Amino acid sequence: MSLLKIRNLSVEFSTASGPFRAVDQVDVDVEAGEILAIVGESGSGKSVSMLATMGLLPWTATITADEMSFDGQDLRELSGRARRRIIGKDLSMIFQEPMSSLNPCFTTGFQITEALRQHTDLNRSQRKDRAVELMEMVGIPDPSRRLKAFPHQLSGGMNQRVMIAMAIACRPRLLIADEPTTALDVTIQAQILDLLTGLQKETGMGLILITHDMGVVAETAERVAVQYAGQKVEDQPVADLFATPHHPYTSALLAALPERATERRLATIPGVVPGQHDRPEGCLFSPRCQYADERCRTVPPPVQPAPIGRARCHYPLNVPAGEEVA
Amino acid sequence: MADASSQIARTVPTRRAGRLREFWKYFSENRGAVIGLYVFAAFAMVAIFADFLAPYDPTTQFRGSELIPPFWQEGGEWAFPLGTDAVGRDMLSRLIHGARFSFFVGIVVVVVAATGGILLGLIAGFAPKWLDTLIMRLMDIILAFPSLLLALVLVAILGPTLLNAMIAIALVLQPHYVRLTRASVINERTKDYVTAARVAGAGYLRTMFVTVLPNCLAPIIVQAALSFSTAILDAAALGFLGMGAQPPTPEWGTMLADAREFVLRAWWVVTFPGLAILVTVLAINLMGDGLRDALDPKLKRS
Amino acid sequence: MLRYVLARLLTFIPTFIGVTIVSFGFIRVLPGDPIIVMAGERGLSEERYQEYVERFGFDQPLWKQFWDYLTGVLQGDLGQSFVTNRNVWDEFFTLFPATLELSLCAIIFSVLVGLPAGVIAAVYRGKFFDRALMSTALVGYSMPIFWWALLLIIVFSGNLGWTPVSGRIGLMYFFDDVTGFMLIDSLISGQEGAFWSAVQHLILPSIVLGTIPLAVIARQTRSAMLEVLSEDYIRTARAKGLRPARVNGLHALRNALIPVITVIGLSVGTLLAGAILTETIFSWPGIGKWMVDSIFRRDYPVVQGGLLLIALMVMIVNLTVDILYGLINPKIRKR
């Protein structure tokens, strides 16, 4: 049974200029101990779908889903109180901006032990010991002194380590990392990723890595979901995705990687992601797709079966011999 | 060169109109602000046409009609819809003429305080450090005194008239403009368009008034609205304390001072002037809130 | 941090001298002979006039007058009241506790009501409660408090007869000033009903004086909370599974308090201006009423000294707030 199972999730925001669909019919499956990467440009709805899972979206958001379950519990029907028993404990999340994601008024020690105070029966000194242990786990030197530090006294990388320590404090079954390295220096990025994958191996938790960086995906993930304009367009194991992308968008993304450039000029994807008011009728990628025809522009594409990467496309690429295109 | 300037001449007005429309769009989204605007417009109309609107002269005393209650109360007369005061003057006429004084106070105070404050603020923002420090310390000194107290003492020295009250209030309110202008001037001064204007050969005065000042106006306009209401409140407070307009002037604060001894006997002589002050000030503050929301780019994003 | 405090202290000194010059200058710049003006309709004999000229030092050159005044101020000598012949300094500190008691009660009232109101309005942003609360706050903010005082007197003293109209305590109670705070003194005196009487006398003036600060605090709290609630660290706090009460009341409020405390601290000036009106209306024997009375009596030594002391007080409080702001704001503390 999947640890996290989401079917047909849609999120709509009511804005001043009408409703905006940020997530559109997305399915997510994560097994225990698996690393799933969700890739997409900014605005592709990858963070929003995870925030919806955590129940952290503002009240302007309307969430609908056919199924949304974590560890067998239906997240849609949980009361606020019951949800709060899960999130921060079995299901936790770290965010993009470590500097602004920590409360400037409290010490790091307070913020780490607060999670323990909420979800465990540890007493004060046990909580402190656990916090020191956690800080050691995430590689913060001199933990007992750093416990008394305020976030602004630490660097961005250190703060992200504090965030991770906070998130894994109650030994979660699933950790969602929302672009954990985007705001950090390149040298620190690798350290944080190593830390996350190391912790994942050590504890056997599931890990969802939200990123827009294909390099990060290649190095860390086991399975990749590609999102475009709120929809999941492809879902494959990482090696297969890099070898045989089925959706034209994935293929274009990979072609745009400098490491894979075959010509002198780097390939680009023309155009921009459709916004609130210019969503195409058919396939959302059709205005930018080099293979699109009239059918693509008018008929929304079906989701292909698993061997064709669950590609949301009329004409998937690299179809293996003997597979039937839906 | 001629081409460029004529092109500027052509593009500027349309941009202005667009900005105005955008401003109105944000302003009219705020229902309270629009209501405030209407009330304020009505208040201005009453102030301007007081002579035509008021049924009686505000100082005429009707012998034998002292302390008549409003028409809906027992003993009230339609001749005096809001009743009469202790010496038989029509409340409604006095209130209508009072609007004129309050409006006048607001306009004069805002114009004087804003002009002085903007000038000093511009100078402080552009001047060498010693002059800047001097001006700002002077403003600190004024701000160290509670505004009403300083105004009170000033009026006591200059003599208790409405004009002196206005001067005193303007002087007390003016440091806020200086601080505001200076802060936004210093903020704008470092921006590239100012440097560009300087490089293009704009003189000091031109840079100050044509290049920088228009870009600092948004917070100043909001401050103007807010100090309009403060001026009305302070003038009424001074009048109430006997240090503003003198009786029999139908100024709202002065009317309240006259009415104090009837507090427990004739509620209407106390209630109406204060209500007039409250409604006016409230309308202006509502408008000011709307202005701030519409002019503040930080809030526009959402 | 130390440098920050020192820099703040350094700007204090010129402002202090300036404030002294202003309060000193008032008598000298007014048109006409100050002594004649002070004497008013009472008139003065020639000898008395000479006596006053010497007493105020008007026969001395201006710089000498100012020097004498400044050295006097630094030694706590502000001259004597023209009317009571008492030392201005002494009069100020006899009356000050009354104003302090009233102001403290007003501030406590406004914080106790305004802070929760602002927090709740921010949490229920855009809902009915928020709108009702913020409309009320704007009405309070626009209130001519002298009229508000009269209205409250009409209702609570006139119609309902619940509260007295003026003074600090009922006439039948008499006891010595120990602290100058009527609430404490009435308790110490042990007289039955004295404390209750003092409380009753305090209620209306506190509400009147606290109205505008209450509105300001509620509005400021709401806007500060709204800003803080959209911060990333609030999302982090919620992601920990904390109760909304803890997220709003601890994580958000702690950050929102920084600007709110500053606003509360900086409202001493407003409070004192309000005290002038409130004390006049309720015949509250504090420094506000004392100043107004002295202005009307043309008791210039009192006006001059009172002005200086009040300005000094405002400056000291503002300075303290500035330094405290540095202390509670970790981002400044770092520097």
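Modeller: Two residues are in contact if their C-beta atoms, placed from the backbone, lie within 7 Å. Keep in mind that this is a predicted model.

Colleague: How far apart are the closest C-alpha atoms of chain A and chain B?

Modeller: They lie 8 Å apart, and no contact joins chain A and chain B.

Colleague: Which chains share the most contacts?

Modeller: Chains B and C do, of the two pairs of chains in contact.

Colleague: Now the contact between chain C and chain A. How many residues does each chain give?

Modeller: Chain A gives 24 residues and chain C gives 18 residues. On the chain C side, the elements that supply two or more residues are helix 10 (232–239), helix 11 (244–266) and helix 15 (330–333). Helix 10 of chain C has the largest share, seven residues.

Colleague: What is the make-up of that side by class?

Modeller: The side of chain C that touches chain A has nine charged, five nonpolar and four polar residues.

Colleague: Let us take one residue, Ala115(A). Where is Ala115(A) found?

Modeller: In helix 4 of chain A, residues 108–119.

Colleague: Is Ala115(A) buried or exposed?

Modeller: Count the other C-beta atoms within 10 Å; 20 or more makes a residue buried. Ala115(A) has 28, so Ala115(A) is buried.

Colleague: Which residues is Ala115(A) in contact with, leaving aside its neighbours within four places in sequence?

Modeller: In chain A, Gly88(A), Met166(A), Ala169(A) and Cys170(A). From chain C, Lys240(C).

Colleague: And how far apart are Ala115(A) and Ile168(A)?

Modeller: In sequence, 53 residues. In space, 9.5 Å, C-alpha to C-alpha.

Notes: Residues are numbered from 1 along each chain as its sequence is written. Chains are lettered from A and ligands numbered from 1 in the order in which they are written. This is a predicted model: local features need pLDDT of at least 70, side-chain atom pairs count only at pLDDT 80 or more; totals for chains, interfaces and linings use all residues. Helices (H or I, at least four residues) and strands (E, at least two) are DSSP runs, numbered from the N terminus. A residue is buried if 20 or more other C-beta atoms lie within 10 Å of its own, exposed if 12 or fewer, and partly exposed in between; C-beta atoms are placed from the backbone. Ala, Val, Leu, Ile, Met, Phe, Trp, Tyr, Cys and Pro count as nonpolar, Asp, Glu, Lys and Arg as charged, and the others, Gly among them, as polar.
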